[in-house]
Amino acid sequence: RALDRLNPHRPRVLLEGTPGTIFDDLLVAVHRRTNPEGKTLVMDAAEATTGRLSEALSETATIFLTNLDALSDPVAAVLSRASGLAPVVATTTQDVEAGLQSQVLNAAAFEPFLADRVRVPRLAERREDLLGLLFSALGPDLPPPTADLVETLLIYSWPGDMRELVELATELRVRGSGLDALVTELVSPRMRGQLESAPHDP
């Protein structure tokens with residue numbers, strides 16, 4: 001596991017996902033590995049200021065810096081010069097290599113994190129986890145899914161990743177309440193449309 005390879009004494013970790021990735025559980029897992037006794041502070045990079053980040057870096061709470069690609073140049077400079085003890089766990093849904101090579105991403109913002117990076121696989125790459133994640137999002141007291149619905153979910157490409165899965169679970173909770181089973185017809189027309197347009201084996 002990628003988390004097991006993290007150096008708990010390194011203060012900077014980058015979590016990389018794709019649009020739709022939900023980082024919450026992984027942020028907490030990294031915090032527990034690197035700073036188990038500390039508190040946490042969530043900061044959106046788009047709203048971070050030099051003063052606020054400087055103050056946070058001088059403390060001991062783990063900073064969850066979301067949307068690292070939105071960090072401004074002055075705030076990135078504060079981060080690169082920081083020598084405090086506060087761990088920083090940052091997230092991005094951008095392609096880091098391509099963004100740095102094309103200079104679309106701010107190299108100063110990403111450089112402190114390049115030594116410790118954790119890639120979050122797309123939902124379509126970990127189909128063995130899909131049903132467990134869905135049942136967790138659905139919650140208790142709902143009827144079971146039909147085999148056809150399970151097959152539909154497993155072959156779907158999930159372009160919206162985890163956020164789409166959570167939205168689907170909400171949709172199934174509302175539309176499936178009171179039924180004997182969760183059926184394929186309950187899923188969004190967008191999902192059915194993608195499946196119907198996909199090439200089939202001869």
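Asp-161 is found in helix H8, which covers residues 161-176, where helices are DSSP runs of H or I with at least four residues, numbered from the N terminus. This is a predicted model, in which local features need pLDDT of at least 70 and side-chain atom pairs count only at pLDDT 80 or more, while totals for chains, interfaces and linings use all residues. Residues are numbered from 1 along each chain as its sequence is written, and side-chain values use heavy atoms, with hydrogens and water left out.

Although Asp-161 is not a glycine, its phi is positive, at about 55 degrees. Asp-161 is buried, with a relative accessible area of 1%; buried means under 20% relative accessible area, exposed means over 50%, and partly exposed lies in between, with a 1.4 Å probe and protein chains only.

Helix H8 also holds Arg-175, which counts as partly exposed because its relative accessibility is 40%. Not counting residues up to four places away in sequence, Arg-175 touches Glu-185, Leu-186 and Val-187, a contact being heavy atoms within 4.5 Å. The C-alpha atoms of Arg-175 and Val-187 are 8.9 Å apart in space, and the two residues are 12 residues apart in sequence. The side chain of Arg-175 reaches the backbone oxygen of Leu-186 at 2.8 Å.

The packing of helices comes next. Two packed helices are described by the angle between their axes and the distance between the axes. Here the axes are lines fitted to C-alpha atoms over the stretch in contact, and angles run from 0 to 180 degrees between N-to-C directions.

| Helix pair | Angle between axes | Distance between axes |
|---|---|---|
| H6 and H7 | roughly 125 degrees | within 10 Å |
| H6 and H8 | about 50 degrees | 9 Å |

The angle between H6 and H8 makes H6 oblique to H8, and H6 and H7 are likewise oblique to each other; angles under 35 degrees count as roughly parallel, over 145 as roughly antiparallel, 65 to 115 as roughly perpendicular, and the rest as oblique. The crossing of H6 and H7 is right-handed, and H6 passes H8 in a right-handed crossing too, a term used if the near helix is turned clockwise from the far one by less than a right angle.

Where H6 packs on H8, Leu-133, Leu-134, Ala-137 and Leu-138 of H6 meet Met-162, Leu-165, Leu-168, Ala-169, Leu-172 and Arg-173 of H8. By class, this contact of H6 with H8 has nine nonpolar, no polar and one charged residues, where Ala, Val, Leu, Ile, Met, Phe, Trp, Tyr, Cys and Pro count as nonpolar, Asp, Glu, Lys and Arg as charged, and the others, Gly among them, as polar.

The loop between helix H4 (96-101) and helix H5 (107-110) contains Asn-106, and Gln-103 is found in the loop between H4 and H5 as well. With a relative accessible area of 19%, Asn-106 is buried, whereas Gln-103, at 69% relative accessibility, counts as exposed. Gln-103 has a phi near 65 degrees, which is a positive value in a residue other than glycine. The side chain of Asn-106 reaches the backbone nitrogen of Ala-108 at 3.0 Å. Leaving aside its neighbours within four places in sequence, Asn-106 is in contact with Leu-71, Ser-72, Asp-73, Ala-76 and Leu-100.

Notes: Helices (H or I, at least four residues) and strands (E, at least two) are DSSP runs, numbered from the N terminus. A polar contact is a pair of N or O atoms within 3.5 Å; within protein, one must be able to donate a hydrogen and the other to accept it, and residues adjacent in sequence count only if both atoms are side-chain atoms.
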